[in-house]
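Please view the sequence and the structure first.

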Amino acid sequence: MDFFIEVDMKIVASVYKWEQLNQWIDAMDCAILNVKECSLIYEDLDLDQAISFCLEHKVVPILAMNRILHPRDISFMSQYIMKYKAVAYFLTTDLAMIQIAKKEACLDRIIYDPQTMIANKLDLKTYGEIGCHALSMSLEIPYHDVLESMREYKGNLFYQVFGYRLMFYSKRKLIKLYEEKQNIIIHRNHLFLKEQTRDALYPIIENENGTMIYRSYLISLLKEIYTNPCIEYGYLESLYLPNDIFYAVLKLYQLSKNKEISIEEAIQNIKELDLHIEDGWTYQDSIYQKELF
Amino acid sequence: MTKFELLAPAGDLEKLKVAILYGADAVFIGGLQFSLRSRASNFTLEDIRKACSFAHQHHAKIHVTCNIIMHNIDTEGILEYLKALEACGVDCIIASSLYILKMVKEHTKMEAHVSTQQSTSNIEAVQFFEDMGIDRVVLARELSLDEIDGIKKSVNTDLEVFIHGGMCVSISGRCMLSNSMTNRDANRGGCAHSCRWAYDILESENQINPKEECFAMSSKDLCAIRAIPKLMEIGINSFKIEGRMKSLHYIATVVHTYRKLIDAVLNQEKIDFDQYEKEIWKAENRLTSTGFLFHEPTIREQLYDINLAVPANDFIGIVRSYDSKTQMAYVEQRNHFLPYTTIEVYSPRGTYFISIQEIYDLDGNSLDAARHPQQMVSFKSEIPLEPYDLLRLN
């Protein structure tokens, strides 16, 4: 059964709680379901219930399996692939998931997002030869690099178009260790990290998978994705945003996609939500400490 | 029986020679293109040719890192560069790019090694690379000894593990801290070590850490002295020392210590780990821990005060030549030392002590101290010294 019949970019929202799925379901084409059992970031979403709800509403469920895996994780992850491969896609980060999917003959269910690892056209093409359903590119490259790379890769691109972007992933539980060192208790509720000489606030999350830190600002590629479309799955990250605000953004992306409002109008409406949005590397490449050739 | 490779870093030709003379079976270096550690004094093709020649004369191998995560602008000329490295005599390429690894396998006779930037942490991920015909996988630094053991038992590809040096607190290759905060891309050689900076942690707007303290994330360096026997029992093929930017003294000391340890384990000698660690400490300038090898990191594995790093200044000079007729040793000074001092000679042949009398400059003037870095000085030693012998304060 093929869920993907639209040619236009699918709007993909990350979901962590039941009430989010319930509230946002009409504004998304696909839902990234983040659950404790296999996702990098999770809250208390029940996977079976969430998948059923998605299917009822003709929303494609994508199970987030986006961790670097230890040997102890593999058997469990394999079981999840076998269990859900007929109805869901899998957002993966570890190459092990590709191996498992090869064995289970379901590579066409894998969305492979190795975070930083695919940052150029040659690697995109090489990873493309594996045969996954979709690939993601690095979020550290300019959008024109994404466009240039997509000219040579004919497969599906999964790309984050909105929200906070992950910038650090450690297996160490840094907050727990700091609590122990200082003999204090830190409630894991909407925490931010602030470098002492800078004003920026970086969302920081710790759970059983380790510590994850996000950039201090949101990205929004509304203009880019509709004026230079190359993304099959446009992923909107909901972390650290109030549900109502995220829903408003999701609706604006949807209305814009359906040409019910203009891109300019959608961008203006997002601005009015008073979010801290920056370009990131959309137009500016990072510095390569270039050597003397 | 597994042939254990001791793999050392080198930032320049001299360090490379020292690494090999002090016991490395192989050395990894960066070229001027496609390599991380941009501030390490990377090698020109001519340097690489000389490095390969020296290494092969000493039955050692040269690995070249091509481990940047390329952007489109970086991709030009990669195949030509790989072929140029092969022509220089390079044995292995270390890369995280699937494209580069594929090019090495399809277009050269060099070995293709998967960089730790790929964070390979399980059997299936290693098997992915096995299917590509990859020769070796450098495992992620977040694995325990038991996990490494389990992986080794199930794969055929050579495995390499880090045994000493800096530890990224983030999963390797997945860190964008430096890039996000300074626009310096760690994955293209520009890491600003933002993980070692001082942070506050806030709940909404309220600072949680005590005012006078910072929230620190940095990890102590890795020192796997106590894990070596187990890693050898597991059959790990290569033991990697990190630190292409480290000093000559550091490289000599760390390489030689691990060389002696590996040989002692092979010879089934009784191992006094304390002695090996003490030796390492003569050159180490950062606090160390065993990382993930024995257990999940605790506060003992974290570096909460970067100022606790210990400057190593026992290294006073390197022997450049020795005149056996006059018994004069010619030494390049590295730290302050005085005449009429007993000093330790640290050499590939062993460690011993000599007493020096007068110190002279190259014009034959007697000096009251050798106080200028890289000044050439001489003194008499009845015991013959050799180039690349290192001198340390007792």
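H190(A) is partly exposed, its relative accessible area being 37% (buried means under 20%, exposed over 50%, partly exposed in between, with a 1.4 Å probe and protein chains only). This is a predicted model, in which local features need pLDDT of at least 70, side-chain atom pairs count only at pLDDT 80 or more, and totals for chains, interfaces and linings use all residues. Residues are numbered from 1 along each chain as its sequence is written, chains are lettered from A and ligands numbered from 1 in the order in which they are written, and side-chain values use heavy atoms, with hydrogens and water left out.

Although H190(A) is not a glycine, its phi is positive, at about 55°. H190(A) belongs to the loop between helix 7 (174-182) and strand 8 (191-195) of chain A; helices (H or I, at least four residues) and strands (E, at least two) are DSSP runs, numbered from the N terminus. In chain B, Q268(B) has a positive phi of about 55° and is likewise not a glycine. Q268(B) is found in the loop between helix 9 (248-266) and helix 10 (273-281) of chain B. With a relative accessible area of 74%, Q268(B) is exposed.

## Aromatic pairs

Rings of Phe, Tyr and Trp (its six-membered ring) pair if their centres lie within 6.5 Å; planes under 30 degrees apart count as stacked, over 60 as edge-to-face and the rest as tilted. Over all chains, 16 aromatic pairs are counted by this rule. Among them is the edge-to-face pair of F162(A) and Y253(A), with 6.1 Å between the centres and 65° between the planes. F162(A) is in strand 7 (residues 156-170) and Y253(A) in helix 9 (residues 243-257) of chain A, so that this pair links distant parts of the chain, 91 residues apart. F162(A) is buried because its relative accessibility is 0%, and Y253(A) is buried because its relative accessibility is 0%.

Y164(A) and Y240(A) form an edge-to-face pair, with centres 6.3 Å apart and planes at 80°. Y164(A) lies in strand 7 and Y240(A) in the loop between strand 11 (233-236) and helix 9 of chain A, so the pair ties together parts 76 residues apart in sequence. Both Y164(A) and Y240(A) are buried.

Ring pairs also join F162(A) and Y253(A) with W24(A) and F246(A) in a cluster.

## Charges over rings

A charge sits over a ring if NZ of Lys or CZ of Arg is within 6 Å of the ring centre and within 35 degrees of the ring normal.

| Charged residue | Ring | Distance from ring centre |
|---|---|---|
| K10(A) | Y233(A) | 5.8 Å |
| K240(B) | F28(B) | 4.6 Å |
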